[in-house]
Amino acid sequence: MPAAAAIDFDRTVALSDEQIRFYQKHGYIQIHDVLTPEEVEFTRESIAEAIEYLARTQQGKHKGNPFYSKVFHQEVNLWRIHEGVKRYTLSRRIGELARQLTGVSKMRLWHDHCLYKMPGGSLASDWHQDWPYWPMYHTGAMSCWMALDDVDEVNGCLQFVPGSYQWGIYPAISLGSGKKQLEKMLTEEETAKFKPVTMPMKAGSCTFHDGLCFHYATPNRSEKPRRAFATIFQPDGTQFRKKGHCVTDPLNLNDGDVLAGELFSVVAEGAPFETSTFHDARARLKSEALLNDARHARMNRE
Ligand SMILES: O=C(O)CCC(=O)C(=O)O
């Protein structure tokens, strides 16, 4: 592993106004060469040690769900158990990119997770939005998906539907159900505007996507693991929407509490931008409830 002292994740990377406008219009962006090869190696090896620790102490997630593990090997909040992962997850480099793209003055961590798509019977990460899984009343939370291997359509790179983050809040689909729930849920009109773009990239490059942007990854048809690490951020002020989630379940939060404190550490602070993707979604949730009942029924029909 490269010497820890040689790694400086706090060095920031400049973003242009055009990149910020692109993200806020389309709900995703790809940024190349955010990590150096040494930083990729440091992050990969730190994660490997964290995963090995979880396996050794039998704390790994999804042990009982073989179907889900065909989508990916996922472990949440590795920064809590490994100093090297913590340096990456709380880094100013990634946090400041997230803050600027979102347009807010203060960005906090929501959680990190490794998303390792293993070879051998791998399944696609079906089309979904992330936000419906998250216990939040506000939009703006978003993921940085860092490639730790070169990725393409053979081993499972991401795809996004530009602009889809402005289409509405859809029901959460069950990842790994293999039932193509989203395809069943969409109307003909929605299907016609569903035009994905594919994001092949080198290790050390990444994408950012808003929690409401539809995304997907092909199965890993290569012979090696496809290693990616996602850090998810939420604008300061995001309020808790009471529902089950592995990060908040142990916390005993009340509906409407602000997601703050050390678990949701501040990763970047600065001047706010003219526009941001941070909005209270309570009114949208209410007005879309009936629509979503209908979508849900379509999604679950055989
Ligand atoms: O890594 C994948 O295959 C899917 C990733 C994903 O759904 C996400 O980062 O939100």
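Two housekeeping points. Residues are numbered from 1 along each chain as its sequence is written. Because the model is predicted, local features need pLDDT of at least 70 and side-chain atom pairs count only at pLDDT 80 or more, while totals for chains, interfaces and linings use all residues.

Let's start with the whole chain. It has nine helices and 13 strands, both taken as DSSP runs numbered from the N terminus (helices are H or I, at least four residues; strands are E, at least two). The radius of gyration is 18 Å, close to the 19 Å that the globule rule gives for 302 residues, so the chain is as compact as a globular protein of that length. Here the radius is taken over C-alpha atoms, and the rule is 2.2 Å times the number of residues to the power 0.38. Along its principal axes, the C-alpha trace spans about 55 × 45 × 40 Å.

Now, an open sheet: four strands in the order E4-E10-E7-E8, with antiparallel pairing. Strands pair if DSSP finds at least two bridges between them. At the edges sit E4 (125-128) and E8 (197-198), each pairing on one side only. E4 meets E10 (residues 215-217) over two bridges, and Ser125 has Ala217 in E10 as its bridge partner.

Which residues surround the ligand? Ser125 and Ala217 are among them, along with others including Phe72, Lys117, Asp130, Trp145 and His215; being near means a C-beta atom, placed from the backbone, within 6 Å. Strands E3 (106-117), E6 (142-147), E10 and E11 (226-235) each give two or more residues to that shell.
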